[in-house]
Amino acid sequence: LSLSCPLSRSLSLSSAPPLSPAPLSLSRPISLSPPPTTSHPLSLPPPLSFSLSCLSLSLSLFLDIWDVNMLQRPDEVNTPQHSTHLYASDHLIVRRGQEFQLKVTFDRPYKPSDDQFAVEFIIGGSPQFSKGTYIPVSVAKDRQSPWAGRVVDSTDNVVTVGITPAPDCIVGKWRTYVAVVTPYGIRRTRRDESRDLYVLFNPWATGDSVFLDDDDEREECVLNEVGVIYHGAYDDVSERPWNFGQFDYGVLDACLFIMDKAAMPITNRGDAIKVARKASAMLNSHDDDGVLVGNWSGDYTYGVAPTSWTGSTEILLNYSSSKTPVCYAQCWVYAAVFNTFLRCLGIPARVVTNFYSAHDNDGNLKTDVILDENGRIDKHRTKDSIWNYHCWNECYMSRPDLPQGFGGWQAVDATPQETSDGMYRCGPASVQAIKHGQICFPFDAPFVFAEVNSDVVFYSRNPRDGTLEPVKVNSRHVGRMVVTKVPGQDARHDITDQYKFPEGSPEERTVLEKAEEYGCHREKATPLEADVELDMPLMEVRVGDDFELKLKFNNTSDQARTVDMYVSGNVVYYTGVTSSEFLFKTPRVILDPKKAEKQVMEVRSQDYMRKLVEQANLHFIATGKVKETGQIITSMRVVTLHTPKLSVEVSGLAKVSEEMMVTVEFTNPFKFNLEDVYVRVEGPGVMPPKYKHYSLITAGSSLTWTEGFTPRRAGPTMLMASLDCAALRQVYGQAQLTVKP
């Protein structure tokens, strides 16, 4: 039976959930059907016999819904309480496990004894109550719901409803309806996109799997939009700012699109473990047309050089609009954009940098360096590489799938290195499990363990039969230092002790034995230490400078020693892969008993400048053979050439909606021209990403770029800029400002 009857212009009457988003006409048929099954939360009495005029009269006795106010404005109750006031969005954004409020205006005062209504929330294309994708929330105490509901206030015709999403509910964009139960069906609001609701993870709620009980770390790892990426060498650390931009307009939708693109089941999107693991695969373009295309070749003709990006916003918005991977990324870009994704959805996250990170070691704990019979490195047979640094992420969550104690910080990595379960992804791996050698637990703990615990083993190759004999083991080089940003400060936090025990300690030996039980093999041989010590001291060098390479020898024996040395200087990518050799020396050093000696070698800029590749890393390795004992001595040094800085200055009244200006200045200090130069600038809450192209900056000349911007919100923030071209990478600058309301 279907009868037509005019209804309120914004309402429909039906007995089933609103599965179709199609717009409704001003007049919609009233559908009278048998009662839904008992699994339907809004049960109705059997249909009655009536006439059309009787129906119209009867409906007037029941509540009619005039308005639904989601209270989404930043100055209203919800967003400040849920710490979502920074999101640039027209919709209400809340965190699960915590009450939010909305106001429903009826045509008359609400009577709890006579009236029945519910607020319905729907996500996905085929909502079902049993799968948690259709959630009806009743304010009646005798009606149970996965989400709690109550009447906070009822004044005149307006009812304020408090709703608490379950702390494990699905994270994403929910559609909202209000339904009134009548004997003739359910009177329900029409589909209105302005009432859509975003529900996020909640590190403030004790019942949420991502609960983090530390105010400073929550503030940093969820709400801070500006981060620091650490790079360079462990004893000469460089840093650059990054705009995570997790609150920028469109970024939240882009993050949800990533899960849609991955065809991630809606029902899995409330599980932080599954979300982080899926995202670690989707942030790279291998396998699944994910967000970023990796490129370590140095040729970025068809995209943006990884060193040129200043933030995540442009990358995520480009991906969500084009539906195709963005070019290009290297490890810190993957980590930074992954950090944006996690923080945007409410999962506490931070970028970490591991200095001297072992890679491609096939699950063993060795990085092999092959020497010929004279102690010179055999570059053709040495295949393993050690990255000068590698960035990944940590996210904070409980791990109910692991034994107690392995929750907390989890390592996740989106840089495509090795496959895991058939896809390029890594983690989440418990940092506690890694530290204690419990690498049998999911996910990918052996790989991360090896990145921070591998030994560098030097082998001497017998030219007659090709056999390899270990002649030196360096157990301290890999995983030299793991760092992240200090919460609330622009300072570096050394977290190496969270990944491993001190080198040489009894605890470390126990951990390595435990890891070996799970299949990680290491070199057992312990070659005698040479009685000649070799060291290359730290050097701070600017791009284009001549400098001195110093080798310090110390003879600890009572006899004279003669050392035949091989010293090689190479331009390398930060992944440790050699681009070209620019220096090779073979000095013979004679050492008196119990004496120290210093050798100095001149390094000229004209030798390395024309061979430089991105990030301007020089790698020096010295190996030598002691003539009297046959012992091998080695030393390695990475020199990160320091680049000039950008000048970034702001002018104008720092006030919301008042135009300001930013000026970026740079002077080319070199004797050569810079060609095809890109300058980028952006700032969270104040300036969207912008860039400018310069075809040529001649030697000694300067550029000045002034751009206007209008702050959209108050508070402290930062403008950050980069300059990038093939001849000069990693040139950055920044300016702090505080915007007044």
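Predicted model: local features only at pLDDT ≥ 70, side-chain atom pairs only at ≥ 80, totals over all residues.
**Ground rules.** Local features need pLDDT of at least 70 and side-chain atom pairs count only at pLDDT 80 or more, while totals for chains, interfaces and linings use all residues. Residues are numbered from 1 along each chain as its sequence is written, and side-chain values use heavy atoms, with hydrogens and water left out.

**Entry 1, domains.** At their interface, 4 residues of domain 3 are in contact with 4 residues of domain 4 (contact means heavy atoms within 4.5 Å).

Pockets and cavities come from a 1 Å grid over the protein atoms alone. A pocket is an open set of points with protein on both sides within 12 Å along at least five of seven lines; a cavity is a set where a 1.4 Å probe fits but cannot get out; lining residues have an atom within 4 Å of a point. Points are joined across faces, edges and corners, and a volume is the space filled by probe spheres set on them.

I get about 960 Å³ for the largest pocket. Its lining has 43 residues, and Asn-224, Glu-225, Val-226, Pro-716 and Thr-717 lie nearest the centre. At least two lining residues each come from α3 (215-223), β14 (226-233), β15 (236-243), β42 (715-725) and β43 (728-739). Helices (H or I, at least four residues) and strands (E, at least two) are DSSP runs numbered from the N terminus. By class I noted 15 nonpolar, 16 polar and 12 charged residues. Here Ala, Val, Leu, Ile, Met, Phe, Trp, Tyr, Cys and Pro count as nonpolar, Asp, Glu, Lys and Arg as charged, and the others, Gly among them, as polar.

I found 4 cavities of 30 Å³ or more. The largest cavity holds about 60 Å³. Its lining includes Glu-220, Cys-221, Phe-244, Arg-343 and Lys-485. Two or more lining residues come from each of α3, β14, α7 (331-345), β18 (349-359) and β27 (481-485).

Buried means under 20% relative accessible area, exposed over 50%, partly exposed in between (1.4 Å probe, protein chains only). In α9 (445-453), 8 of the 9 residues are buried, Phe-447, Phe-449 and Glu-451 among them. For α6 (313-322), I have Thr-313, Glu-314, Ile-315, Leu-316, Tyr-319 and Ser-320 as buried. Lys-323 follows α6 and has a positive phi, near 65°.

I found Arg-610 in the loop between α12 (605-608) and β35 (617-626). Arg-610 counts as exposed because its relative accessible area is 66%. A polar atom of its side chain lies 3.4 Å from the backbone oxygen of Gln-606. Arg-610 and Ala-727 are 117 residues apart in sequence, yet their C-alpha atoms are 8.9 Å apart.

Ser-635 sits in strand β36 (632-640). Ser-635 counts as buried because its relative accessible area is 9%. The backbone nitrogen of Met-536 is 3.5 Å from a polar atom of the Ser-635 side chain. Leaving out residues up to four places away in sequence, Ser-635 touches Leu-534, Asp-535, Met-536, Phe-620, Ile-621 and Ala-622.

Note on methods. Polar contact = N/O pair within 3.5 Å; in protein donor to acceptor, adjacent residues only side chain to side chain.
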